[in-house]
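Subject: Structure handover

Hello,

Here is the structure for your files. Please load it first, then read the notes below.

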Amino acid sequence: MKKLLRVTVVAWAMLPLPLLAQSKAPDYAPLTRPITVDQVPGKDIFYSIGSPGIPGKENEGNTSNAGYVVTPEGVVVFDVLGTPSLGWALLQDIRKRTDKDIRYIVASHYHADHIYGLQAFRDHSRAVIIAQDHSGDYSENKETADERAEVRLEQRREALAPWVDEHTRVIPPDITFADKITITLGGKRFSLISAGPAHSSSDIMMMVEPDGVLFAGDIVQNGRIPFMNSDDVSTTHWLQGLDEVLALNPKYIIPGHGNPSAAAKEAIAFTRDYILYVRKAMSEAVANWVDFDTAYNSTDWSKYKDYPAFESNNRGNAYRIFLELEASQFKK
Ligand SMILES: [Zn+2]
């Protein structure tokens with residue numbers, strides 16, 4: 001892995017300077033609601049927090065979190081938001097604060113709300129995009145992909161016009177890895193750790209040391225009902241991934257959705273409790289041969305029904321967990 005990275009660094013240095021010198025803004029539809037970028041107290045680490053809920057015209061697709069770390073040797077970005085326009089806005093925010101090159105972009109996983117901004121970075125920076133091996137499933141649009149790339153793009157062209165349009169394209173990663181890689185840059189250590197398949201097939205987290213700041217991606221969603229309704233969701237792995245987050249003992253955690261927190265335990269508790277709650281309800285049904293509709297309708301959802309994304313995600317999540325538990329019964 002180390003060798004692979006060294007090769008990448010050389011390749012990066014040899015890339016022609018693209019349109020960096022161009023001062024003219026590209027043809028991405030302007031945002032009417034600009035992004036706001038905050039700073040981790042006392043650190044050269046910045047982040048943007050998306051609106052709760054699902055991507056739509058009212059939030060202009062700005063529903064996920066993204067962030068970046070500035071070092072004397074360049075910038076490392078973690079996720080790039082859900083439209084090229086938002087990616088461009090994030091890039092402009094970086095440019096406002098530093099003229100250092102953007103060296104790496106880490107994609108927490110390949111879902112539209114986190115990666116459509118890659119287009120702006122690909123066209124206007126030399127950043128190397130890093131993701132987990134299974135992110136390749138996304139661009140190849142295999143049947144097992146967590147979300148089908150082409151179908152999703154069609155949906156977003158409608159739901160997020162004009163910010164996603166016919167010029168919007170999915171940018172694949174430049175390098176991928178299986179379990180873990182470490183990047184050392186400008187006196188900081190960036191540990192990229194695979195945490196999937198959990199929320200998607202390609203989840204990764206990024207721990208920034210010595211700052212103790214963790215970019216957790218979508219396995220941590222603070223105060224929002226996560227999306228779990230896909231073939232590749234494994235709540236068993238997801239719960240293990242949350243244990244790994246705790247073991248890293250971060251001082252500050254930036255989740256994939258929802259607010260950042262200086263209390264890692266509390267930040268992960270919401271996602272963990274939700275998964276455990278749905279699993280408990282569905283495992284009782286599976287054990288007693290109760291069909292899904294009956295199980296779903298007789299479960300008390302009052303604890304979660306007022307959280308963002310409940311309407312769009314909860315029933316599908318419960319069904320997916322029902323299937324996962326049913327399948328695991330037969331594996332015994
Ligand atoms: Zn997401």
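Start with helix α8 (residues 264-287), which lies across β11 and β12 and runs at about 15 degrees to β11. Contact here means C-beta atoms, placed from the backbone, within 7 Å. Axes are lines fitted to C-alpha atoms, for helices over the stretch in contact, and angles run from 0 to 180 degrees between N-to-C directions. Helices (H or I, at least four residues) and strands (E, at least two) are DSSP runs, numbered from the N terminus.

Two points on the source. Residues are numbered from 1 along each chain as its sequence is written. This is a predicted model: local features need pLDDT of at least 70, side-chain atom pairs count only at pLDDT 80 or more, and totals for chains, interfaces and linings use all residues.

**Overview**

The chain has ten helices and twelve strands. Of its 332 residues, 45% are buried. A residue is buried if 20 or more other C-beta atoms lie within 10 Å of its own, exposed if 12 or fewer, and partly exposed in between; C-beta atoms are placed from the backbone. Among contacts with a separation of 6 or more, 69% join residues 24 or more positions apart.

The largest nonpolar core holds 83 residues. Such a core is a set of buried Ala, Val, Leu, Ile, Met, Phe, Trp, Tyr and Cys residues joined through C-beta atoms within 7 Å. V77, I105, V106, M205 and M206 touch the most other members. Helix α8 gives the most to this core, with ten residues. Not counting residues up to four places away in sequence, V106 touches V76, V77, F78, I130, L192, I204 and M206.

**The sheet**

Five strands form an open, mixed sheet in the order β8-β9-β10-β11-β12. Its edge strands are β8 (180-185) and β12 (252-257), each pairing on one side only. The twist averages 20 degrees from one strand to the next. Two strands count as paired if DSSP finds at least two bridges between them.

β10 (residues 204-209) is mostly covered, with five of its six residues buried. Strand β9 (residues 188-194) pairs with β10 in the antiparallel sense over six bridges. There, S191 stands opposite M207. β10 also pairs with β11 (residues 213-221), again antiparallel, over three bridges. M206 has F215 as its bridge partner, and V208 has V213.

β10 and β11 form a hairpin with three residues between them. In the turn, G212 has a positive phi of about 70 degrees. P210 is in the loop between these strands, and the peptide bond from E209 to P210 is cis, with omega near 10 degrees.

Helix α7 (residues 235-248) lies across β10 and β11, at about 160 degrees to β11. Its 14 residues should span 20 Å at 1.5 Å a residue, and its end C-alpha atoms are 20 Å apart, which agrees. The expected span is 1.5 Å times one less than the number of residues. T235, W238, G241, L242 and V245 of α7 are buried. They cover an arc of only 105 degrees around the axis, which puts them on the same side of α7. The arc is that of the directions from the helix axis to the C-beta atoms. D243 and A247, on the other side, are exposed.

In helix α6 (residues 149-159), the buried residues are A149, R152 and R156. They fall within an arc of 65 degrees, so they line one face of the helix. E150, V151, E154 and E158 are exposed on the other side.

**Backbone points to check**

Most residues other than glycine have a negative phi, and most peptide bonds are trans. These are the other exceptions I would list:

- A161 and P162 are joined by a cis peptide bond, with omega about 5 degrees. P162 sits in the loop between α6 and β7 (175-177).
- D79 has a positive phi near 65 degrees. D79 lies in the loop between β4 (74-78) and α2 (84-97), and is buried, with 31 other C-beta atoms within 10 Å.
- N249 has a positive phi of about 55 degrees. N249 is in the loop between α7 and β12, and is exposed, with 11 other C-beta atoms within 10 Å.

Regards

Notes: Two residues are in contact if their C-beta atoms, placed from the backbone, lie within 7 Å.
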